[in-house]
Each structure stands twice: as C-alpha cells, then as structure tokens.
Amino acid sequence: MAYAQQQLGHAPAALLYLSMAQARQPRVRTWQQMATLAARHRLVGYPVTWQQELRVQAQRYYYPGLQALLGGAVVGAIWLLWRRGPRSAWLGYAAYVALLGAYLHLLRPAPVGLVAHSGAALMAGPSAGASWLSTAALGDRLLVLGRQDIWCRVEWQRKVAFVRASDLLVVE
C-alpha cells in the first residue's frame, strides 16, 4: 500500500503505511525508505543517523528479548521455590527482576504521531489560548510524550509542544 500511495504522489499516506509496517516489524530498510521519502518532501522527525539505526535494531529485538527475560524470570522463580533457595539466591533473583524492569522501562518503543492535517498548530500549552510555536506540515513525525484532554504532548525541536489529538495519527 505504501508503494502505491507513493506512486500516486500521496507522501503522507505512504509515510503512514510505512510507519505502521515499522511499528509492526521494525527494519532499517523500512526506516531508510521513510527517511528518504520525508527528505524529498522536507518533513521533520525522520533522522538518518547511526543512532537511529541502532534504535531500530533495538526495537526489532525488543519483544523477543522481553519474552526470553520473562521466561527466565518464571523458570528462576519456580526453581527457587522448588529448591527452597538460600537468601543470596533470592537477592540475585531480585536483581534479575530489577534488570527486567529496567529493560521494560528504558527500551520500550515510544509512540509517534504523524501530522494528519496540514496547518496543524504546535502550541506552547494545552490550550487554544497558549502561545503559538509553529505550524506542522502534513506528514511530520512527532514523538508523543503524553495526552492531556484533547491535546497530545509532543517533542518538537527538542522542546515540548502541544498539538490537537485530532490533527495527529498516533502509531504505537
């Protein structure tokens, strides 16, 4: 679908389909295709750096790694309960569970939003009366930090901005 939309000249739709594919199965090649298409249309939020490629690889192996760590936690707990492990073994298990928590918190995929309407206003606060920061282009990619009422808190140029949730398509 992304290729068809790209051939029809609908770059935002192509970026949406590529983003959905990237969220489902992260691949460096898909990311590079998204970045190339975005650069051609001068859109923001699609960095082409080695750090981004490393992030894509980490996202690719996030869920298999999580499954392995959770499986290890279950097997470890069963073994410790069955063998009535010593206190030091339980402390090691607690450290393992803490490592699992850090893995869950630090490496989880972050939701991103694609601007769905041209002329979407980026505001300094979650209100129509807040100061205007900029206007986002159709297809810009913004990191979603949270949601407040009808507003999405996003990262824009290394700052926090707010955009109406109806102007953003969130891809998780």
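**Exercise 1. Work out how helices α2 and α3 are arranged in this predicted model.**

*Solution.* Begin with the axes of α2 and α3, which come within 10 Å and cross at roughly 160°. Next, recall that angles over 145 degrees count as roughly antiparallel. The two helices, α2 and α3, are therefore roughly antiparallel to each other. As for handedness, the crossing of α2 past α3 is left-handed. Finally, look at the residues that meet: α2 brings Ala 11, Ala 14, Leu 15, Leu 18, Ser 19 and Gln 22, while α3 brings Thr 30, Trp 31, Gln 33, Met 34 and Leu 37.

**Exercise 2. Check whether the span of helix α3 agrees with its number of residues.**

*Solution.* Helix α3 covers residues 28–40, which makes 13 residues. The expected span is 1.5 Å times one less than the number of residues. For α3 that gives 18 Å, and its end C-alpha atoms are 18 Å apart, so the two agree.

**Exercise 3. Find the buried residues of α3 and what they pack against.**

*Solution.* First pick out the buried residues of α3: Val 28, Thr 30, Trp 31, Met 34, Ala 35, Leu 37 and Ala 38. Then follow them to their partners, which are α1 (2–7), α2 (11–24), α4 (50–60) and β4 (141–148).

**Exercise 4. Decide for Thr 49 and Ser 134 whether each is buried, partly exposed or exposed.**

*Solution.* Thr 49 sits in the loop between α3 and α4. Its relative accessible area is 33%, so Thr 49 is partly exposed. The C-alpha atom of Thr 49 is 9.9 Å from that of Gln 32, although 17 residues separate them along the chain.

Now turn to Ser 134, which belongs to strand β3 (residues 132–136). Here the relative accessible area is 17%; because buried means under 20%, Ser 134 is buried. Leaving aside residues up to four places away in sequence, Ser 134 touches Ala 120, Ala 121, Leu 122 and Trp 156.

Terms used: Residues numbered from 1 in each chain as written. Predicted model: local features only at pLDDT ≥ 70, side-chain atom pairs only at ≥ 80, totals over all residues. Heavy atoms only, no water. Helix = DSSP H or I, 4+ residues; strand = E, 2+ residues; numbered from the N terminus. Buried < 20%, exposed > 50% of the residue type's maximum accessible area, 1.4 Å probe, protein only. Contact = heavy atoms within 4.5 Å. Axes fitted to C-alpha atoms, helices over the stretch in contact; angles between N-to-C directions. Parallel < 35°, antiparallel > 145°, perpendicular 65-115°, else oblique. Left-handed = near helix turned anticlockwise from the far one by under 90°.
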